[in-house]
Amino acid sequence: MNLSHLKPGERGTIVAFTDLEMSVKLMEMGCLPGEMVEVERFAPLGDPMAIRVAGYQLCLRKDEASVIIIT
Amino acid sequence: MVGNPNTGKSTLFNLLTGLNQKIGNFPGITVDKKVGYCKLTPDQQAEVTDLPGTYSLYPKSKDESIVFQVLADKGNANHPDMIVVVADATNLRRNLLLYSQVADLNIPVVLALNMTDMAKKEGININVDKLSAKLGIQVVPISARSNTGLKELKQAIANITPIATQEKGADMKVLAGGAIEEVKTLVGTDNDYYALQLLHQHEHLECYTSQYEEFETIERNHHFESSKLQAAETIARYKHLSTILSDVIEDTGTAKKFVISDRIDAILTNRFWGFFIFLFILLFVFNAIFSWASYPMDLIEESFAWLTSTGHEHLPPGVLTDLLLDGVVAGLGGIVIFIPQIAILFAFISILEDTGYMARVTFMMDKIMRKFGLSGRSVVPMIGSLACAVPSIMSARTIESWKDRIITIMVAPLVSCSARLPVYTLLISLIIPEENVFGFISLQALTLMAMYLISIVAAMVVAFVMKFIIKAKEKSYFIMELPVYRMPRWKNVLFTMYEKSKTFVLEAGKVIIAISIVLWVLASYGPSEKFKAIDSKYAQIELKQDSLQVSTLERDKSAEKLENSYAGILGHTIEPVIRPLGFDWKIGIALITSFAAREAFVGTMATIYSVDGVADNEGTIRDKMRVAVDAKTGLPLFTFATGFSLMLFYAFAMQCMSTVAVVYRETKTWKWPVIQTVYMTVMAYVASLIAYQILK
């Protein structure tokens with residue numbers, strides 16, 4: 001499952017990324033494999049989304065979240 | 001100074017350097033360079049460069065690429081003797097990723113641990129001595145917000161040894177050992193990480209362009225895969241940092257800090273209320289720009305009028321005085337008049353940014369704006385353009401993606417600015433009857449609102465078209481930190497107001513003054529024989545008819561001079577072109593002078609229509625324009641068709657040299673201001689042509 005499928009309040013653990021280039025950016029921002037993520041909320045129009053990861057809040061577009069594989 | 005975004009790096013920079021700073025350019029690219037001077041000890045002064053905020057040395061935008069360029073190239077004029085890494089103590093691990101990369105470049109470094117007070121409040125305890133021992137450098141806990149630890153930081157900078165003392169962050173040899181060794185012999189360095197970075201980024205470094213082929217050969221021979229290695233490096237560094245931080249950080253209350261911020265978010269980004277609150281805040285800001293700025297603007301206008309008239313009274317009459325007062329001083333006035341709006345707009349922007357609300361606005365608006373080729377970050381510049389495009393284009397700098405930023409800059413001047421208002425009100429009062437629809441809505445106000453709506457729709461449509469034309473050089477991300485809500489730092493707000501106003505006056509000002517002088521020359525000079533004839537004609541009239549008021553005579557004379565000036569001749573020259581739009585040569589002159597500033601339309605009309613003897617000379621401009629007849633057809637000139645066509649022309653045409661100047665400054669090339677001026681003028685011409693031909 002990927003991160004964009006979660007609903008607000010749901011959590012998951014990052015396992016892998018499907019896009020190498022994007023994974024560098026995401027990891028630099030603290031989204032590392034093994035890290036717990038929680039979906040905080042979606043923007044009023046449903047995209048982008050805000051997640052809690054590595055002790056801070058990050059927002060990203062749904063298609064960017066979809067490269068993050070979680071369990 | 002190097003650090004992540006949102007770490008308070010700029011605040012610290014301002015604290016260290018005070019007003020003793022200047023903004024220049026990094027050679028060749030469109031990134032501002034902020035340099036300041038800081039007294040470390042009574043006899044030591046440091047030159048401080050504030051590098052753009054970034055999460056790593058691998059750049060994702062043009063702004064970020066400057067960081068490695070400056071740190072890597074020893075020949076770079078900005079290459080530092082030492083680096084201060086600013087880290088946010090409330091999120092230390094992520095912040096130390098950049099530190100560990102920077103440290104491995106083997107330049108002496110000091111770590112400034114910012115927001116330590118905030119971290120303590122949140123239950124995060126950092127053992128600074130242990131951290132310092134483990135990293136092998138001086139670590140200074142500070143709080144730029146409450147101004148603590150600065151003295152210690154200055155002392156640490158003064159104490160720095162010329163040889164780097166830091167421990168290595170991660171072993172790079174395991175990643176690409178063979179390639180690293182070859183690069184080390186190629187460029188003559190003993191630094192593994194520097195060699196690895198060169199493999200990744202040598203094509204962005206001017207000093208290594210001559211060795212491009214050698215680098216490429218090494219990369220091919222060792223199957224060097226940039227993205228894969230970046231990912232591996234990031235993981236290795238985080239692993240190393242985790243072991244370092246394991247007994248340095250004690251976190252007792254992780255979740256606590258988000259409670260308040262989450263509650264605020266639940267309201268401000270609420271599905272239903274979010275947009276209403278945003279609209280309300282916008283309305284407030286927009287209203288402030290209009291109403292608060294009007295007092296200082298009136299004052300500035302009066303002061304410059306006073307300066308001009310007093311100057312004319314006391315200085316010896318002549319060409320030099322006229323040039324100084326009507327050219328330079330008038331041009332200066334045209335610049336200074338924008339300062340209140342710029343200062344107020346940037347005060348609000350900096351408050352909204354500082355509190356963290358701006359990040360939420362971009363979060364909410366991104367989906368809508370993306371459909372039109374813009375991004376969530378374009379919202380603020382677009383709204384600000386309702387007041388004035390000049391500060392708004394400057395504020396577009398917060399847009400990271402190059403393509404989104406260029407499109408925002410390109411369409412911002414289409415949004416109806418306050419300078420169009422006097423033109424609209426004059427023309428509307430001429431062509432729209434004072435009637436009400438449904439008994440209470442004024443038809444004139446409705447027309448005015450329609451003009452604003454047309455402008456916003458036009459901006460969106462053009463943005464949509466440009467989305468397909470402009471090719472992006474870099475991938476656009478919307479991965480962004482949503483900072484915790486905080487109180488604004490008022491000192492920062494004042495600082496931003498000062499800095500933006502100063503930049504505008506100094507940079508855009510040069511161009512504006514130059515064009516003002518050219519316009520003044522065009523409007524005051526003409527072929528000498530014609531001017532002599534006018535002089536003698538009015539001298540004779542003055543002798544014959546002393547009953548006529550001298551002031552009226554002077555006005556008629558200057559109007560006739562304007563007609564025969566080079567500007568007037570230009571007006572006659574362009575008449576065939578603007579005829580199909582319903583304009584005569586007089587409007588042509590106004591179009592030319594309006595290039596200085598749109599509101600010049602009203603003034604030019606005032607001067608030029610004083611020549612028509614038909615109207616009572618005491619009447620207002622509006623009355624004069626109403627009875628003005630077309631010299632060729634003998635019919636009233638300002639019909640509904642002409643008026644509407646003229647309004648559309650002012651809505652779309654690029655008639656603002658301040659904007660041209662600021663677009664040049666922001667894009668650092670003439671390409672974009674030229675494209676913008678051309679497309680807007682073509683759009684204005686076509687719109688006016690269609691409107692006039694249909695309505696006439």
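User: Let's start with helix H6 of chain B. Which strands does helix H6 (residues 150–159) of chain B lie across?

Analyst: This is a predicted model, by the way. H6 of chain B lies across S5, S6 and S8 of chain B, and it runs at about 165° to S8(B). Helix H5 (residues 128–135) of chain B lies across strand S6 (109–114) and S8 of chain B, at about 155° to S8(B).

User: What makes S1-S5-S6-S8 of chain B a sheet, and which way do the strands pair?

Analyst: These 4 strands form an open sheet with parallel pairing. Take one link: S1(B) and strand S5 (residues 83–88) of chain B share 2 bridges. At least two bridges are needed for a pair, so this one qualifies.

User: Which elements of chain A touch chain B?

Analyst: Those giving two or more residues are helix H1 (20–28), strand S2 (36–42), strand S3 (49–53), strand S4 (56–60) and helix H2 (62–65) of chain A. H1(A) gives the most, with 9 residues. By class, that side of chain A has 19 nonpolar, 4 polar and 12 charged residues.

User: What area is buried between chain A and chain B?

Analyst: It is about 3600 Å², with carbon and sulfur atoms giving 60% of it. A:Glu28, A:Pro44 and A:Arg61 supply 21% of the area that chain A buries against chain B, more than any other three residues. The contact takes 35 residues from chain A and 40 residues from chain B.

User: How do you know that S4(A) pairs with strand S12 (residues 480–482) of chain B?

Analyst: There are 3 bridges between S4(A) and S12(B), in the antiparallel sense. A pair needs at least two, so these strands count as paired. In S12(B), B:Leu482 stands opposite A:Gln57.

User: What is the strand order of the open sheet that holds S12(B)?

Analyst: The 6 strands follow the order S5(A)-S1(A)-S2(A)-S3(A)-S4(A)-S12(B), with antiparallel pairing. Strand S5 (68–70) of chain A and S12 of chain B each have a single partner strand, so they stand at the edges with one side lacking a neighbour. From one strand to the next, the twist averages 45°. Inside the sheet, 5 bridges join S3(A) to S4(A), and A:Met49 stands opposite A:Leu60 in S4(A). Helix H15 (residues 357–371) of chain B packs on the sheet, touching S2, S3 and S4 of chain A together with S12 of chain B. H15 of chain B makes about 125° with the direction of S12(B).

User: Is the peptide bond from A:Asp47 to A:Pro48 cis or trans?

Analyst: That bond is cis, with omega near -5°. A:Pro48 is found in the loop between S2 and S3 of chain A. Most peptide bonds are trans.

User: What makes B:Asn106 worth a look, and is its phi positive or negative?

Analyst: Phi of B:Asn106 is near 65°, which is positive, and the residue isn't glycine. Most residues other than glycine have a negative phi. You'll find B:Asn106 in the loop between helix H3 (92–103) and S6 of chain B.

Note on methods: Residues are numbered from 1 along each chain as its sequence is written. Chains are lettered from A and ligands numbered from 1 in the order in which they are written. This is a predicted model: local features need pLDDT of at least 70, side-chain atom pairs count only at pLDDT 80 or more; totals for chains, interfaces and linings use all residues. Side-chain values use heavy atoms; hydrogens and water are left out. Contact means heavy atoms within 4.5 Å. Buried area is the accessible area (1.4 Å probe) that two parts lose on being put together, summed over both. Ala, Val, Leu, Ile, Met, Phe, Trp, Tyr, Cys and Pro count as nonpolar, Asp, Glu, Lys and Arg as charged, and the others, Gly among them, as polar. Axes are lines fitted to C-alpha atoms, for helices over the stretch in contact, and angles run from 0 to 180 degrees between N-to-C directions.
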